[in-house]
Amino acid sequence: MRLQKYLAHAGIASRRKSEELITDGRVKVNGQVVTELGYKIDPLKDKVYFDDKKIKTIKEYTYVMINKPIGVVSTAKDEKNRTTVVDLVPGDKRIYPIGRLDIDTTGLLLLTNDGKLAHKLMHPSTEVDKVYIATVEGTPNKHGLEKLRNGITIDGYKLSKSEIKILKSYNTDSIVKVTIHEGRNRQVKKMFERIGHPVKKLKRISFGPIELANLELGAYRYLTEEEVKELKSL
Ligand code: URA
C-alpha cells in the first residue's frame with residue numbers, strides 16, 4: 001500500500017496533507033525517514049512513525065468470491081497438485097476458503113485472510129443460509145420432501161429444518177432448490193441419498209447475503225464494502 005494512503009487510512013491526515021507530511025520528512029518507515037511519495041509499505045509488517053510516534057497497525061483484509069468449477073479442490077494447498085480454489089484468485093496467496101464445496105460441486109465460495117470473520121462464519125452456532133440448486137435422480141415425493149424439510153439425522157447429528165422446492169421435473173431427473181442452515185460434510189448429497197434420490201449435480205448460488213448472480217464459472221470478484229459489512233453483522 002502507498003504510504004500516503006496508509007497515513008490517510010490510519011486517520012493521520014487527508015491523502016494530500018499526508019503527502020506533505022511525507023515530503024516534509026515527518027514520516028519514518030522501520031526507523032528510516034521516507035520522503036518519496038508513493039513509497040510502498042506492507043501494512044501487516046512495516047512499522048510506520050509520524051513525528052516519531054508509532055502508528056497503530058491497520059489490517060487490510062481481502063474478501064473474494066469465486067464461482068468454483070468442477071475438479072477444483074476447496075483447500076489452500078493440495079498434496080496431489082490439483083488446482084485449488086486459491087489458484088483461481090491472482091495475487092495474495094494468504095487467503096483461504098470459508099468452508100468447503102465438494103470437488104464435483106460448482107458455485108459460490110468465499111475466500112479471505114480475515115481469520116476472525118472466517119472463524120465466525122464457519123462456526124456451527126452461526127447459522128448462515130446456504131442455497132443450492134441440485135439435480136437429483138427421479139422426482140422426490142411429498143413424503144420424502146417433508147422428511148428432509150423437518151430435518152433428518154445424519155452421522156448422529158439432527159439437522160435443522162430446510163427449505164426445499166422442486167423447480168422442474170423431467171422424466172429421469174428433477175431440479176431442486178435447497179436452503180440449508182448448516183454446512184455439514186456432503187450435507188445436501190446425504191440428504192437426498194437418504195430419500196432415494198441421489199444428487200447428480202450440485203451448485204451453490206448463495207451464502208448468507210452474498211449471491212453468485214452472473215459471476216462466470218472459474219471467475220472471481222472482490223466483495224463490496226457493503227457485502228463485507230453484511231457478513232460481519234450476521
Ligand atoms: N452439500 C454437499 O453435499 N456438497 C457440497 O459441496 C455442499 C453441500
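Analyst: In this predicted model, His 181 has a relative accessible area of 13%. The cut-off for buried is under 20%, so His 181 counts as buried.

His 181 is part of the loop that runs between strand β12, residues 173-180, and helix α5, residues 187-194. Two polar partners can be named for its side chain. One is the side chain of Asp 129, with which the His 181 side chain makes a polar contact at 2.6 Å. The other is the backbone oxygen of Lys 161, which is 3.0 Å from a polar atom of the His 181 side chain.

Next comes the ligand. Among the residues that surround the ligand are Arg 186, Gln 187, Val 188 and Lys 189. A ligand oxygen atom is 3.0 Å from a polar backbone atom of Lys 189. For Arg 186, the distance from a polar backbone atom to an oxygen atom of the ligand is 3.3 Å, and for Gln 187 it is 3.5 Å.

Ala 118 belongs to helix α3, which covers residues 115-122. Apart from neighbours within four places in sequence, Ala 118 is in contact with Tyr 96, Ile 98 and Thr 112. Between Ala 118 and Gly 99 there are 8.3 Å from C-alpha to C-alpha, and the two are 19 residues apart in sequence.

Ile 98 and Thr 112 also lead on to a cavity. The structure has one cavity of 30 Å³ or more, and the largest cavity holds about 30 Å³ of space. Its lining includes Ile 98 and Thr 112, together with Tyr 63, Val 64, Leu 110, Leu 111, Leu 117, Leu 223 and Leu 231. Strands β5 (63-68) and β7 (105-112) each give at least two residues to this lining. The largest share, three residues, is from β7. By type, the lining of the largest cavity has eight nonpolar residues, one polar residue and no charged ones.

Note on methods
Residues are numbered from 1 along each chain as its sequence is written. This is a predicted model: local features need pLDDT of at least 70, side-chain atom pairs count only at pLDDT 80 or more; totals for chains, interfaces and linings use all residues. Side-chain values use heavy atoms; hydrogens and water are left out. Helices (H or I, at least four residues) and strands (E, at least two) are DSSP runs, numbered from the N terminus. Contact means heavy atoms within 4.5 Å. On a 1 Å grid over the protein atoms alone, a cavity is a set of points where a 1.4 Å probe fits but cannot get out, and a pocket is an open set with protein on both sides within 12 Å along at least five of seven lines; lining residues have an atom within 4 Å of a point. Grid points are joined across faces, edges and corners, and a volume is the space filled by probe spheres set on the points. Ala, Val, Leu, Ile, Met, Phe, Trp, Tyr, Cys and Pro count as nonpolar, Asp, Glu, Lys and Arg as charged, and the others, Gly among them, as polar. A residue is near a molecule or strand if one of its heavy atoms lies within 4 Å of it. A polar contact is a pair of N or O atoms within 3.5 Å; within protein, one must be able to donate a hydrogen and the other to accept it, and residues adjacent in sequence count only if both atoms are side-chain atoms. Buried means under 20% relative accessible area, exposed over 50%, partly exposed in between (1.4 Å probe, protein chains only).
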